[in-house]
Amino acid sequence: MSRFCKTLIVLGILAAAAPAAAFDRYPGIGRAATEAEVRAWDIDVRPDFTGLPKGSGDVDRGMELWETHCASCHGSFGESNEVFTPIAGGTTLQDIEAGRVAALIDGSFPQRTTLMKVPTVSTLFDYIQRAMPWTAPKSLAPDDVYAILAYLLNLGEIVPADYVLSDENIHEVQARMPNRNGMTTEHGMWPGAPASSGGIGNGGKPDVVNVICMEDCKEKVEIASALPDYAQDAHGNLAEQNRPVGQTRGKPTGAPEPAEGSDAVAAASAVLALANEKGCMACHGIEKGIVGPGYNEIAQKYRGQADAAAKLAAKVKAGGQGVWGAVPMPPQGHVADGDIERLVEWILQGAKAQ
């Protein structure tokens, strides 16, 4: 199904939740959304904890879940910088007391971690619930999310090792977030009750008092920083790793577009499209590795081995760890056997896009 068709369906469901009077204007379009449909979309958790599901989880359970679902990308203690920016580190008990992380001000910590920056604990819960684990987003039950979050909070000494985090006490945790005072809500992006009334907004006052500046404008754009040529494709084609809409679309840094009119080119392009569709290109570049090895590196390693295709197909389907480093490759059982065989053949032949 195309992105356009999916968008139409989403808009149809959202429009269906509109007041009944809206249907009179466009007869025959839309219907009342069911409660299940609304629940499926309405999963965000806001800073005032609106939308927070009921549940609980303790630190020990969170550590078990972390090792199973999270450590491969974030390290056993959330301090790894191998795949993503560290989550834990850089906060102190003094920061928890003050609600402002000193290292953000004086630059004493070598890197900004998640617990250093995030002001609201709801942000962590919301992101874990919606987007994690990376290979299976939205697969965690609420109790699992509470447990994983409890483990993260314990890593930052925000909660003790025997803590059971729940929908009933998460409000208390907010009062111990190390950077809770590092964010301002005095602008129109934060409507709702002001802090004086127990909220976190500014009372709904819109930010419309800015003055347009049209003085000393630059006559031309000057690029101050750019990727050097040798690093253009260090992480694969950046254009393929960003959404096709929005402000940041990604600079094309991959191979040039193939010439038209060739069956071989069309076949190679189809497999490349399949690799993108199945998420393979998020971890593997063609020339160089990203999270896992580059496809040309794989082809070089298995060159000349008679059983290379069968061996690689089995690894893709079952997952593995240790051949290319400590970061494991999760099992790709959701990919059909025929598609795995096409991808493996394409990789062993050099992963050509044309």
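**Helix packing**

Tutor: Helix 14 (residues 308-318) and helix 15 (residues 337-348) pack with their axes 9 Å apart, at an angle of about 125 degrees (axes are lines fitted to C-alpha atoms over the stretch in contact, with angles from 0 to 180 degrees between N-to-C directions; helices are DSSP runs of H or I, at least four residues, numbered from the N terminus). That angle makes helix 14 oblique to helix 15 (under 35 degrees is roughly parallel, over 145 roughly antiparallel, 65 to 115 roughly perpendicular, the rest oblique). The model is predicted, so local features need pLDDT of at least 70 and side-chain atom pairs pLDDT 80 or more, while totals for chains, interfaces and linings use all residues. Residues are numbered from 1 along each chain as its sequence is written, and side-chain values use heavy atoms, without hydrogens and water.

In this pair, A308, A309, L312, A313, V316 and K317 of helix 14 meet D337, I340, V344 and L348 of helix 15 (contact means heavy atoms within 4.5 Å). These residues divide into eight nonpolar, no polar and two charged (Ala, Val, Leu, Ile, Met, Phe, Trp, Tyr, Cys and Pro are nonpolar, Asp, Glu, Lys and Arg charged, the others, including Gly, polar).

Next come helix 9 and helix 10, whose axes come within 10 Å and cross at roughly 130 degrees. These two helices are therefore oblique to each other. From helix 9, V121, L124, F125, I128 and Q129 meet P142, V145, Y146, I148, L149, L152 and L153 in helix 10. Eleven residues of this contact are nonpolar, one is polar and none is charged.

Helix 10 also packs against helix 4, with axes that come within 7 Å and cross at roughly 100 degrees. Helix 4 is therefore roughly perpendicular to helix 10. Here V59, R61, G62, M63, L65 and W66 of helix 4 meet D144, A147, I148, A150, Y151, L152 and N154 of helix 10. This contact has nine nonpolar, two polar and two charged residues.

Helix 4 (59-69), helix 9 (121-131) and helix 10 (142-155), together with helix 8 (114-117), each give two or more residues to the lining of the second largest pocket (on a 1 Å grid, an open set of points where a 1.4 Å probe fits, with protein on both sides within 12 Å along at least five of seven lines; lining residues have an atom within 4 Å of a point). Helix 9 gives the largest share, five residues. Of the 28 lining residues, H74, F84, Y127, M132 and W134 lie nearest the centre. The lining has 19 nonpolar, six polar and three charged residues.
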